[in-house]
Amino acid sequence: MQRISENNSTPQSRDDTSVHSDVLSPQAGDGYFPLNEEVTLRNIEEKLWAHRRQSDTTRPVSIPTAPDAKSEGSSSYTPSLKLSPLLVPKRAPLAEVDGKRPSLDLHLPPSHIGPDEESEIKVESHPLATYPTLTKELEHLYQSLQKCLNLRDKYIRISRQRLGDDPRDHDAVFTGLDEDIVDTEAVKPDVDYASKPVPQAKFKPWKIYPRPPPPHWHFKPHGDVVHGGKSTDDDEEEFDFELCTTPGIDETCDFEIDEKGVYQVYATKAEKLERKPLYEIPTIREYFLDLDYVLGVISDGPTKSFAFRRIKYLISKWNMYSLVNEYQELADMKAVPHRDFYNLRKVDTHVHHSSSMNQKHLLRFIKSKMKRSPNDEVIFRDGAVLTLAQVFESLNLTAYDLSIDTLDMHAHLDSFHRFDKFNLKYNPIGESRLREIFLKTDNFIQGRYLAELTKEVMIDLEQSKYQNCEWRLSIYGRIPGEWDKLAKWIVHNKLFSHNVRWMIQIPRLYDVYKQNGTINNFEDIIRNVFGPLFEATKDPRSHPELHVMLQRVIGFDTVDDESKPERRIYRKFPYPKVWDTNQSPPYSYWVYYLYANMASLNNWRRERGFNTFVLRPHCGEAGDPDHLTSAFLTSHSISHGILLRKVPALQYLFYLKQIGIAMSPLSNNSLFLAYERNPFPEFFKAGLNVSLSTDDPLQFHFTKEPLLEEYSVAAHIYKFPQSSLAELARNSVKQSGFEMEVKRHWLGRNWYLPGAAGNDINKTNVPDIRLRFRHETLLEELNIIRANQTGTSGTLSSEAPIPVTSENVAARAMASSQ
Ligand SMILES: [Zn+2]
């Protein structure tokens, strides 16, 4: 292994003489890398790698990852030379854990190494070979990256978003993990987890109701699907609201929104009067200070160049790994009985409920309703109640006229860079009244049609058995009663499925409600969104349906068109109670208030033994890449994230923290980024924690199994082998919010352990060597940053150029005030 890393470093050291390097190297002054240049870089690099093995190795080869002595200073890029010494101590325990192979199979056979490379290796591994000492600049760079990682840890810890923080994670087998070793999805990659004692069970084992199906369960059709009739299957437990226990009131703790717009929990009445909250939540000022710090780091020139090169290196390393190990992986997978791509558990980690069915399904449903129940009274318009037949009469349509073409909900031709047009695609036949009748939970028929449609999609999912979904439902924050209505819709229609969990999305529509007068200021939105949740946590009996629904809710998402300009109107941001202009607050402000209120709520819920939530916003789909910075600090994982390609340092931080990214290349293809330009395959190669998701099957997909369609297109276009599809499927389950008991059944007993130790190939079909490679690569990166720090001061120079965006200016203003 030692030789490998040295081997990797040889092109870099040789490349100081590269003719291309001054053209290709990123400049310290500009905010982000130009996309075209980056794509060209990738292409050149891939070609070079492909040709390199056979080509004459004595000829100087230019590889864009190489350090550029002229423009950046020769001392800045020595870390790759120092890789090997760092790797040595970590290797032995890893090999012991996994048993089978003593080390990674990435070793190239000696015949593959050219004479030049061998001689260079000799020079490097010679005991007298000297490495340049760590320069101040490099030391500073490592410290600042490390500080960013620590900042994220702080926010995640405070908001209780780590594995085991949620009482839902606890069952008879898993009793939590030691505080020091755990991260959001799994055990941290660089800790000695074996030496840490397993904590005492803090919570009662979480009871999943209705019970998940037993291991060898086969789908049996239900009785009368449409009317939600009794199940005929004796094994299947039918949901019964009466059987749900609702805990009583918390007599001691109380809550109140403070003057800064964050709900606080108080242990006693006296403490409430003194305003001494029970949990310490970062203030908005602290958040903007931290945000400012991270923004400074990721726009610092040397850091950008460093991260850019590390990512290039990671991708090249991946290419080499897969060239060498492809056949071994295939052999490992063939040796596994039964398991293949089709019977791997996959979770659609990002999909909106109101567009979860495909067009054909919706069309069939509308037609059947027109035929069977034309006299249903469905909508109240212009002072009169209309029946379904009357609605279609007013549209001049019959059931026979309807087709996919008239429905016109597909978005792949005319919606590119037109989020406004895309939003209109939610309206069948362009008619908002049809959307209201068929696709809304809160309408004249109390969402009955959508509930029936949802049940049908659930049955499709259960039938496929291996596809699972996390459906997003909207809470707008317009009025306080939204939660109870939504909860009643779910509970009374019995919308529970083994294959489905719920997420709550909060559309950032402050400006719309402000303009039509439903709210006065931003605090109204916070009160409407979080007030009922705190009430239901203090006294679940005040909102019994909501309590039951929340047990099946994973977390919060926030959605809207990210490409909307965020104009800067305040020098510093006002608190929500005084935010009463017509303009919506910027993304980072929304995210802070979701985060802070959720953090408060989570701590209290956890104390009460209720499940907690995570923050998984839409982020980095379009607009300002700074959105990604606020998500880096506050969020469990994100959806989209395609703009990480423009911010290499942040992408590197996302890699180091293995933050989940639910990507939807087909959706991006229709809206913001052509399929072939999507960074998804690069992210995957570099080792970012990515999964595939559908976003809106109604608008983007053609088949009954949209998630498989998404995998299928990716496999074709990006040429993913079966092993990579399996790894993606495994990632999707890890990122998802399904309960520990379910995940263990899907992925294996110790799925949360890092690398191959957490793998069970019989369940995941991912070869152990793949995960060992991923783990060792990640350790290497973490070690470079940690091991090379000598000093303790971690402050970044204030001279670091920060791009001028609304968020940055605000962050600066908040930071300098008070
Ligand atoms: Zn989405």
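# Briefing on a predicted protein model

The protein averages a pLDDT of 81, and 77% of the residues score at least 70; pLDDT is the predictor's confidence in each residue, from 0 to 100. This is a predicted model, in which local features need pLDDT of at least 70, side-chain atom pairs count only at pLDDT 80 or more, and totals for chains, interfaces and linings use all residues. Residues are numbered from 1 along each chain as its sequence is written.

**Overall make-up**

- The secondary structure comprises 32 helices and 13 strands; helices (H or I, at least four residues) and strands (E, at least two) are DSSP runs, numbered from the N terminus.
- Of the 818 residues, 46% count as buried. A residue is buried if 20 or more other C-beta atoms lie within 10 Å of its own, exposed if 12 or fewer, and partly exposed in between, with C-beta atoms placed from the backbone.
- Among contacts between residues at least 6 apart in sequence, 74% join residues at least 24 apart. Two residues are in contact if their C-beta atoms, placed from the backbone, lie within 7 Å.

**Stretches with pLDDT under 50**

- Over residues 1-35 the pLDDT stays under 50, and the model has 79 contacts beyond four places in sequence for this stretch.
- Residues 50-131 likewise keep a pLDDT under 50, with 129 contacts beyond four places in sequence.

**Sheets and strand pairing**

- Five strands form an open sheet in the order S3-S6-S7-S8-S9, with parallel pairing; two strands pair if DSSP finds at least two bridges between them.
- The edges of this sheet are strand S3 (346-352) and strand S9 (614-615), each of which pairs on one side only.
- Strand S8 (residues 553-559) runs parallel to S9 and is joined to it by two bridges; Phe-556 stands opposite Leu-615 in S9.
- An open sheet of four strands, also with parallel pairing, has the order S10-S11-S12-S13.
- Strand S10 (618-619) and strand S13 (690-692) stand at its edges with a single partner strand each, so one side of each is left without a neighbour in the sheet.
- Strand S11 (residues 637-640) and strand S12 (residues 660-663) run parallel and are joined by three bridges. Ser-637 has Gly-660 in S12 as its bridge partner.
- Helix H28 (residues 722-735) lies across S11, S12 and S13, and runs at about 100° to S13. Axes are lines fitted to C-alpha atoms, for helices over the stretch in contact, and angles run from 0 to 180 degrees between N-to-C directions.
- Strand S1 (residues 254-257) and strand S2 (residues 263-266) pair in the antiparallel sense over four bridges, and Ile-257 stands opposite Tyr-263 in S2.
- The hairpin of S1 and S2 has five residues between the strands, and Gly-261 takes a positive phi near 85° there.

**Helix packing**

- Two packed helices are described by the angle between their axes and the distance between the axes.
- The axes of helix H7 (residues 136-158) and helix H22 (residues 627-634) come within 6 Å and cross at roughly 60°, which makes H7 oblique to H22. Angles under 35 degrees count as roughly parallel, over 145 as roughly antiparallel, 65 to 115 as roughly perpendicular and the rest as oblique.
- Leu-151, Arg-152 and Tyr-155 of H7 make this contact with Phe-632, Leu-633 and Thr-634 of H22.
- The residues of the contact of H7 with H22 divide into four nonpolar, one polar and one charged. Ala, Val, Leu, Ile, Met, Phe, Trp, Tyr, Cys and Pro count as nonpolar, Asp, Glu, Lys and Arg as charged, and the others, Gly among them, as polar.
- For helix H19 (residues 522-538) and helix H21 (residues 587-608), the axes come within 10 Å and cross at roughly 5°, so H19 is roughly parallel to H21.
- On the H19 side are Ile-526, Phe-530, Leu-533, Phe-534 and Thr-537, which meet Tyr-593, Asn-597, Leu-601, Trp-604, Arg-605 and Arg-608 in H21. By class, the contact of H19 with H21 has seven nonpolar, two polar and two charged residues.

**Two individual residues**

- Tyr-279 is placed in the loop between helix H8 (269-274) and helix H9 (284-298), and is partly exposed, with 18 other C-beta atoms within 10 Å.
- Beyond its neighbours within four places in sequence, Tyr-279 is in contact with Val-265, Ser-600 and Asn-603.
- Gln-651 lies in helix H23 (residues 648-657) and counts as buried because 28 C-beta neighbours fall inside 10 Å.
- Apart from neighbours within four places in sequence, Gln-651 is in contact with Ala-307, Ile-311, Leu-644 and Arg-645.
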